[in-house]
Amino acid sequence: MYQYNPQFKKKKEKLISLAMAILGVVLYASSQIPNAPAPGLIQILGICALAGSILLISMCVLRSYSYELVRGEGEATDFVITEHYSRRKTVVCRIGLSDVVSVAPYDPNWKKEKNTVYSYTGVLFDEKRYLLEVQAHGEHFFIVICADETLLSYLPLR
C-alpha cells in the first residue's frame, strides 16, 4: 500500500560521535605522559568516551528505519517497521493499523512513567517525530516514529 523510507543526514550525531572519539583518544594518550595526575582516572575517562562514541555510532548513525503499510490477514492493514543496519533488515514491529489509538507530535518532555516506549527513529536531533499510542494484544504501549504527511494521513491523529 504505502512505504516511507526516510533518509536523514544525521550531521549532529556524526559530529558528536567524532568529538567523543577524538576526546577519548586524547584522554587516553595524555594519560601516558610522565607525571600525569591520576593517569588511571584519565584512561578510564578516555575509554568511556570511546565507548560512548561506538554506542552512538551503532545506535544512531548506522541504523535507519522504514515504515510500511501492508495488507495483512483478510481486509486488515498492518503497520510494519523495518530496521536497516548495514546489510541486515529486520522487522522490529508489526501491528494492525486498527490497533493505533492515536498519533501526536512527540514531545521530549513527555512523562514516560510506567509506560513502555519503543523508539524506531535512528535520530536524536532535528527531525520531526511522532508518538503513536497503541493498544494491541492486551498491552498498552507507545512507539516513536518519523513520518511524512502521507503516512500520517493513514494514522488516527489526536
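The structure is a predicted model, in which local features need pLDDT of at least 70 and side-chain atom pairs count only at pLDDT 80 or more, while totals for chains, interfaces and linings use all residues. Residues are numbered from 1 along each chain as its sequence is written, and side-chain values use heavy atoms, with hydrogens and water left out. Helices (H or I, at least four residues) and strands (E, at least two) are DSSP runs numbered from the N terminus, and two strands pair if DSSP finds at least two bridges between them.

**Antiparallel sheet**

- Four strands, in the order β1-β2-β3-β4, form an open sheet whose pairing is antiparallel; its edge strands, each pairing on one side only, are β1 (2–4) and β4 (88–96).
- From one strand to the next the twist averages 20°, where axes are lines fitted to C-alpha atoms, for helices over the stretch in contact, and angles run from 0 to 180 degrees between N-to-C directions.
- Strand β1 is joined to β2 (residues 63–71) by 3 bridges in the antiparallel sense, and Q3 has E68 of β2 as its bridge partner.

**T77 in strand β3**

- T77 belongs to β3, which covers residues 77–85, and with a relative accessibility of 15% T77 counts as buried (buried means under 20% relative accessible area, exposed over 50%, and partly exposed in between, with a 1.4 Å probe and protein chains only).
- A polar contact of 3.3 Å links the side chains of T77 and R71; the term denotes a pair of N or O atoms within 3.5 Å, where within protein one must be able to donate a hydrogen and the other to accept it, and residues adjacent in sequence count only if both atoms are side-chain atoms.
- Leaving aside residues up to four places away in sequence, T77 touches M1, L69, V70, R71, G72, I95, G96 and L97, contact meaning heavy atoms within 4.5 Å.

**Mixed sheet**

- A further open sheet consists of 4 strands in the order β5-β7-β8-β6, with mixed pairing, and its edge strands are β5 and β6 (117–119), each pairing on one side only.
- Strands β6 and β8 run parallel and are joined by 3 bridges, with Y118 partnered by I143 of β8.
- Strands β5 and β7 pair in the antiparallel sense over 5 bridges, and the partner of P105 in β7 is Y130.
- Between β7 and β8, which run antiparallel, there are 8 bridges; in their hairpin, which has 2 residues between the strands, H137 takes a positive phi near 55°.
- Because 7 of the 8 residues of β7 are buried, this strand is largely enclosed by the rest of the structure.

**Nonpolar core**

- The largest nonpolar core has 26 residues, and those with the most contacts inside it are Y67, F79, I81, L132, I143, I145 and L151; such a core is a set of buried Ala, Val, Leu, Ile, Met, Phe, Trp, Tyr and Cys residues joined through side-chain atoms within 4.5 Å.
- At least two residues of this core come from each of β1, β2, β3, β4, β5 (100–105), β7 (129–136), β8 (139–146) and α3 (149–154).
- I145 touches, among others, Y67, F79, I81, L132 and L151.

**Cysteines**

- The structure holds 0 disulfides, a disulfide being a pair of cysteine sulfur atoms within 2.5 Å.
- C48 is in no disulfide, and the nearest cysteine sulfur, that of C60, is 19 Å away; C48 is partly exposed, with a relative accessible area of 48%.
- C146 is likewise in no disulfide, the nearest cysteine sulfur being that of C60 at 11 Å, and at 2% relative accessibility C146 counts as buried.
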